[in-house]
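Dear colleague,

I am passing on the structure we spoke about, and I would be glad if you could look through it with the notes that follow.

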There are 2 protein chains.
Amino acid sequence: MAQKPSIPNGTRDFLPQDVARRTYIFDTIRSVFKSYGFAPIETPSFELSSTLLGKYGEEGDKLIFQILRSGNYLSKIETSDVTDTLTQNDFDKLPLEDRKRLGSITKRISEKALRYDLTVPFARFVVQHQNELTFPFKRYQIQPVWRADRPQKSRYQEFYQCDADVVGSDSLLYEVDFVQIFDQVLTKLNIPGFTILINNRKILSGIAEVSGEADKLIDITVAIDKLDKIGQEGVEKELREKGVSEKAIEIISPLFALSGTNEERLAIMRTFLKDSEIGLKGIDELEFVLEQTKILGVERAIVEFDVTLARGLNYYTGAIFEVKAHDSGIGSICGGGRYDDLTGVFGLKDVSGVGISFGADRIYDVLKDFNLFPEDTNANLTLLFANFGDNDAAYCMKLSKQLRAIGVDCEVYPSNAKMQKQFKYADNRNVQFVALIGENERNSGQLQLKNMTTGEQQALTETQLMTFFQQ
Amino acid sequence: MAQKPSIPNGTRDFLPQDVARRTYIFDTIRSVFKSYGFAPIETPSFELSSTLLGKYGEEGDKLIFQILRSGNYLSKIETSDVTDTLTQNDFDKLPLEDRKRLGSITKRISEKALRYDLTVPFARFVVQHQNELTFPFKRYQIQPVWRADRPQKSRYQEFYQCDADVVGSDSLLYEVDFVQIFDQVLTKLNIPGFTILINNRKILSGIAEVSGEADKLIDITVAIDKLDKIGQEGVEKELREKGVSEKAIEIISPLFALSGTNEERLAIMRTFLKDSEIGLKGIDELEFVLEQTKILGVERAIVEFDVTLARGLNYYTGAIFEVKAHDSGIGSICGGGRYDDLTGVFGLKDVSGVGISFGADRIYDVLKDFNLFPEDTNANLTLLFANFGDNDAAYCMKLSKQLRAIGVDCEVYPSNAKMQKQFKYADNRNVQFVALIGENERNSGQLQLKNMTTGEQQALTETQLMTFFQQ
């Protein structure tokens with residue numbers, strides 16, 4: 001009985017061209033990470049549920065895919081016992097007692113869950129392998145993660161993260177390196193313009209302190225982080241709703257319109273934060289990173305101090321990064337920051353770290369929208385030998401073996417089909433050259449090579465063919 | 001509260017050296033696949049359960065990891081409702097009614113499952129995308145698969161498969177190519193000796209036919225496939241138990257001792273199968289592949305016709321391949337064969353295909369046991385700049401940026417720590433060179449470069465340093 005085949009919502013098949021383009025992005029990121037001394041690690045696709053649950057907040061927990069303990073439970077049950085599928089809707093209508101029972105059972109039969117991001121597994125990895133690692137430990141990791149998000153455009157249930165982190169050092173040189181890495185990768189990918197936004201969590205703490213609302217730090221930062229989306233009025237409204245005093249709002253509001261060069265902004269903020277020790281420390285750190293970046297220079301990046309940048313606040317403790325591509329309509333394509341206690345939850349205290357993440361899927365969308373993929377991500381095969389029959393094919397098989405040895409990707413058409421069909425295959429596969437070698441050509445020692453782009457055809461000896469591709 | 005971190009049984013963390021070594025294996029396989037005209041695809045980690053279940057037999061189904069519909073079910077349940085974990089043992093002790101109920105519930109709340117191999121998802125892919133693909137469609141796929149197997153040495157719950165398949169052609173040239181691919185990959189990986197065993201399912205059918213037990217084909221093949229493990233006597237015993245007649249056993253038995261060159265074996269089998277049309281077709285096919293292979297030549301492989309080779313019989317319809325590394329004590333490291341109706345179950349009939357698979361984890365074990373990994377999979381970082389303070393570090397940051405631009409992986413030590421500590425870091429990371437640039441060196445324009453392997457140290461100008469690494 002034939003099934004109509006499909007894949008789960010929110011997942012994707014990648015055809016050869018997709019894979020070539022994605023590989024191009026991953027390879028570019030990987031080569032830059034490597035050039036800065038980051039070494040690759042990989043962690044299992046699933047972790048113990050206890051490693052992941054409770055690390056991403058209530059909303060995050062809901063998005064973690066749990067795996068049943070094994071298929072064995074199911075194998076003892078006849079399929080005929082299962083009459084229908086329980087949708088979330090059905091589930092929500094069940095009496096609380098039943099829901100509890102069902103949840104209890106699923107928790108009892110599930111002990112593993114798919115990785116939700118690369119950060120928590122990395123923290124677990126560092127603690128578990130601490131005696132095998134050299135600190136500061138610099139790792140990169142390019143692997144898929146899974147989230148039970150409602151599928152929508154550019155949001156998938158399976159997608160790749162490309163992370164680089166250093167743990168075990170609070171040196172600001174790493175922040176300087178990460179700004180360079182953003183600039184190098186995105187310049188190599190040929191993205192025409194992009195801005196690296198940078199802030200420091202200590203500056204945000206200073207702002208809350210100076211406004212007299214130190215205990216409302218999180219409310220304040222969550223609100224001003226939304227400036228982009230809801231505007232100054234919206235932010236002020238939210239601050240009021242959270243019980244931030246009018247006086248504090250009056251103090252904070254001028255920051256929304258902070259402008260000028262980074263140096264001018266730093267000067268304004270240094271004055272603003274003059275009574276906050278932590279705030280001034282943030283300014284010092286940020287100033288160091290910006291100064292060093294100026295000395296080193298950047299290729300295409302605009303580096304901008306954005307005092308409203310917060311991102312995942314309860315996590316970062318120092319630098320905060322975000323990168324946006326210009327004119328793309330696609331949100332942030334990279335992020336990152338410093339954290340002081342990522343490994344604490346797994347029992348290793350006081351390990352400072354800093355890391356960044358490239359959003360490969362969003363970068364893919366930017367490159368696609370701007371038509372920036374290099375030509376050779378379209379190419380599929382260099383050379384196809386047409387097939388005129390068993391004896392000719394055997395000769396071509398021998399020749400193709402020699403060509404592969406000098407780095408030419410090639411193949412022999414598998415059967416003596418009509419030429420039209422063989423050329424159609426070459427067209428569809430985007431083959432660059434077709435070699436025609438029949439009995440006449442073998443006898444004369446002159447084969448025909450057709451350039452599929454220009455349509456030109458030339459006669460070559462076997463030796464000339466080798467030389468042609470060695471160039 | 002600190003948790004003691006660990007990972008699920010049967011899964012692995014890969015440290016930088018592991019990743020480098022695995023990448024070396026994958027890259028080698030990938031480059032050869034590509035040189036033979038295979039293009040990469042990727043499929044989602046999880047498929048709809050209906051795509052996978054029922055495709056791997058009863059035993060296979062038990063090993064498929066099912067994923068819960070989403071985390072939402074669990075999120076509404078208090079953790080306190082869950083008192084203990086239900087082990088397989090506990091489960092087996094439950095009354096049948098309860099087991100059915102539990103199984104029924106889990107089936108209702110699970111609709112996705114992790115990929116068990118790459119073959120069934122590939123068949124689904126071909127049918128789903130048939131209008132976007134060019135046939136014969138040649139794809140390779142290197143991705144992890146998951147099996148709920150009991151973990152043991154060299155058997156993991158998550159491991160990589162490296163497959164290449166062609167669908168949409170019955171040309172034997174692909175069989176010839178696959179023999180070459182086995183030889184090329186394993187030679188490039190420097191495995192000293194290996195045997196490519198080859199057989200044809202039609203020969204097995206012919207044997208059953210000639211022995212007068214055509215209807216017992218599967219029993220006969222399953223039995224003789226075990227010759228390696230249980231010997232001739234064991235096989236004959238199993239044949240008897242399956243009801244194969246003494247006369248048939250007498251006819252089949254001489255095949256266990258088949259020896260001589262491939263040509264001699266073919267000649268013996270051609271006589272043996274002279275009354276079986278399908279058997280003779282199998283001989284013709286195999287002879288073609290062996291002859292073409294002889295013309296093309298092989299590097300290190302021994303190619304051997306093994307009439308007892310069967311492998312996953314209910315699947316293959318033509319050629320059958322298996323590769324074993326010599327003197328390794330590790331079983332087969334590659335396999336493959338031709339199948340005539342892989343896509344039929346998804347509604348696309350009469351599509352012949354042939355494919356092979358490299359067992360990356362077993363190959364890893366062979367390379368490790370024989371100490372065959374290349375030196376550069378150990379290297380981690382080319383150059384470390386020692387750090388003598390902020391000003392020197394800023395200078396080194398600039399220099400390292402220039403070196404990266406010419407392809408040198410390098411970094412600056414993050415803080416002005418004691419030299420002993422910095423050198424220890426360089427040692428642990430297996431750094432090749434350490435550059436020493438303090439105030440004196442900056443003033444004199446002569447930096448010190450230490451070779452960490454030889455211990456030699458030399459004075460170089462900045463320009464000489466660039467030239468040194470450009471060589």
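With a relative accessibility of 13%, Asp365(B) counts as buried, because buried means under 20% relative accessible area. Please keep in mind throughout that this is a predicted model. Asp365(B) belongs to helix 15 of chain B, and once its neighbours within four places in sequence are set aside, Asp365(B) is in contact with Ser154(B) and Ile330(B). The helix that carries this residue, spanning residues 360-369 of chain B, is mostly covered, with seven of its 10 residues buried. Besides Asp365(B), the buried residues of helix 15 of chain B include Ala360(B), Asp361(B), Ile363(B), Tyr364(B), Val366(B) and Leu367(B). The cover over these buried residues includes helix 1 (16-35) and helix 8 (173-188), together with strand 6 (158-167), strand 9 (319-325), strand 10 (332-339) and strand 11 (353-359), again of chain B. After helix 15 of chain B comes Asn371(B), which has a positive phi, near 55°.

In chain B, Arg124(B) takes part in a salt bridge with Asp13(A), the side chains meeting at 2.5 Å, N to O. This pair crosses between chains, from helix 7 (residues 119-128) of chain B, where Arg124(B) lies, to the segment before helix 1 (16-35) of chain A, where Asp13(A) lies. Arg124(B) counts as buried because its relative accessibility is 0%, and Asp13(A) counts as buried at 11%.

**Other salt bridges**

Over all chains, a search of the whole structure finds 52 salt bridges. One of them joins Arg265(B) and Glu304(B), whose closest N and O atoms are 3.8 Å apart. That pair links distant parts of the chain, with Arg265(B) in helix 13 (residues 262-272) of chain B and Glu304(B) in strand 8 (residues 301-305) of chain B, 39 residues apart. Arg265(B) is buried at 13% relative accessibility, whereas Glu304(B), at 27%, counts as partly exposed.

Asp392(B) and Arg442(B) also meet in a salt bridge, at 2.8 Å from N to O. Because Asp392(B) lies in helix 16 (residues 390-405) of chain B and Arg442(B) in helix 18 (residues 439-444) of chain B, the pair ties together parts that are 50 residues apart in sequence. Asp392(B) is buried, with a relative accessible area of 7%, while Arg442(B), at 30% relative accessibility, counts as partly exposed. In chain A, salt bridges that share partners bring Asp228(A), Arg311(A), Glu322(A) and Lys324(A) into one network.

Arg147(A) sits in the loop between strand 5 (137-146) and strand 6 (158-167) of chain A. Leaving aside neighbours within four places in sequence, Arg147(A) is in contact with Leu63(A), Phe65(A), Tyr116(A), Asp117(A), Tyr156(A), Gln157(A), Phe159(A) and Gln161(A).

On the surface, Asp170(A), Asp340(A), Asp341(A) and Asp350(A) gather in a patch of negative charge. Of these, Asp340(A) is placed in the loop between strand 10 (332-339) and strand 11 (353-358) of chain A, and at 35% relative accessibility Asp340(A) counts as partly exposed.

Gly337(A) lies in strand 10 of chain A and counts as buried, with a relative accessibility of 0%. Although Gly337(A) and Ala319(A) are 18 residues apart along the chain, their C-alpha atoms are separated by 5.0 Å. Not counting residues up to four places away in sequence, Gly337(A) touches Tyr316(A), Ala319(A), Ile320(A), Phe321(A), Gly353(A), Val354(A) and Gly355(A).

With kind regards

Definitions and conventions. Residues numbered from 1 in each chain as written. Chains lettered and ligands numbered in written order. Predicted model: local features only at pLDDT ≥ 70, side-chain atom pairs only at ≥ 80, totals over all residues. Heavy atoms only, no water. Patch = residues over 30% accessible without salt bridge, like charges linked within 9 Å, V, L, I, M, F, W, Y side chains within 5 Å. Areas by Shrake-Rupley, 256 points an atom, 1.4 Å probe, with all protein chains shown as cover. Salt bridge = Lys/Arg side-chain N within 4 Å of Asp/Glu carboxyl O. Lys, Arg positive; Asp, Glu negative; His and termini not counted. Charge placed at Lys NZ, Arg CZ, Asp CG, Glu CD. Helix = DSSP H or I, 4+ residues; strand = E, 2+ residues; numbered from the N terminus. Buried < 20%, exposed > 50% of the residue type's maximum accessible area, 1.4 Å probe, protein only. Contact = heavy atoms within 4.5 Å.
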